Amino acid sequence: MSVLDPADVVAALRSAGATVGVAESLTGGLVVARLVQVPGASAVVRGGVVAYATDLKHSVLGVDADLLAAGGAVQAEVAEQMATGVRRVLGSTYGLGTTGVAGPTEQDGQPVGRAFVAVAGPEGVQVRQLDLSGNRESVREACTVAVLRLLASGLASTGRLD
């Protein structure tokens, strides 16, 4: 799929009898908003958790407190734990996680544009590091597209997305 259409992702989830839950930090709700703009998304979207504050990543999603204390919220393992945590909390087939730095300044020693996206599902967890450029809006948008692409590629590898 060359251009990502959220309707294709929703259709693939529906066809697979699968659901999705979203845990967002950097994207602040953009991912779940992109999915629910599709008519009929309520059949596959369980919900979303915007855990913008670091302590919520632990208390709501179960991200390891020691991991957060040692390295901050912008780590691959944090994205992974966000995705697995939201999958558990919302009871979904797939869980998505986004964390990163949109700017204007670095955070926890991570540069502006560094982000991690993760998809947790029955086949395991996939995490990608992104090094994005641009302003806050473009970094958040690119991260949104990246996590949906990661989900789409996971669905494609299981034969559920054309």
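Predicted model: local features only at pLDDT ≥ 70, side-chain atom pairs only at ≥ 80, totals over all residues.
Residues are numbered from 1 along each chain as its sequence is written. Local features need pLDDT of at least 70, side-chain atom pairs count only at pLDDT 80 or more, totals for chains, interfaces and linings use all residues, and side-chain values use heavy atoms, without hydrogens and water.

**Exercise 1.** Find the order of the strands in the open sheet.

*Solution.* Strands are DSSP runs of E, at least two residues; helices are runs of H or I, at least four; both are numbered from the N terminus. Two strands pair if DSSP finds at least two bridges between them. The five strands run β2-β1-β3-β4-β5, with mixed pairing. β2 (45-50) and β5 (124-131) each have a single partner strand, so one side of each lacks a neighbour in the sheet. Next, take β3 and β4: they are antiparallel, joined by six bridges. Gly97 has Ala118 in β4 as its bridge partner.

**Exercise 2.** Decide whether Ser25 is buried or exposed.

*Solution.* First, locate Ser25: the loop between β1 (20-24) and α2 (30-36). Then apply the cut-offs: buried is under 20% relative accessible area, exposed over 50%, partly exposed in between (1.4 Å probe, protein chains only). Ser25 has 6%, so Ser25 is buried.

**Exercise 3.** Which backbone features occur at Pro104 and Asp108?

*Solution.* Both Pro104 and Asp108 lie in the loop between β3 and β4. The peptide bond from Gly103 to Pro104 is cis, with omega near 20°. Asp108, not a glycine, has a positive phi of about 50°. Most residues other than glycine have a negative phi, and most peptide bonds are trans. Asp108 is partly exposed, at 44%.
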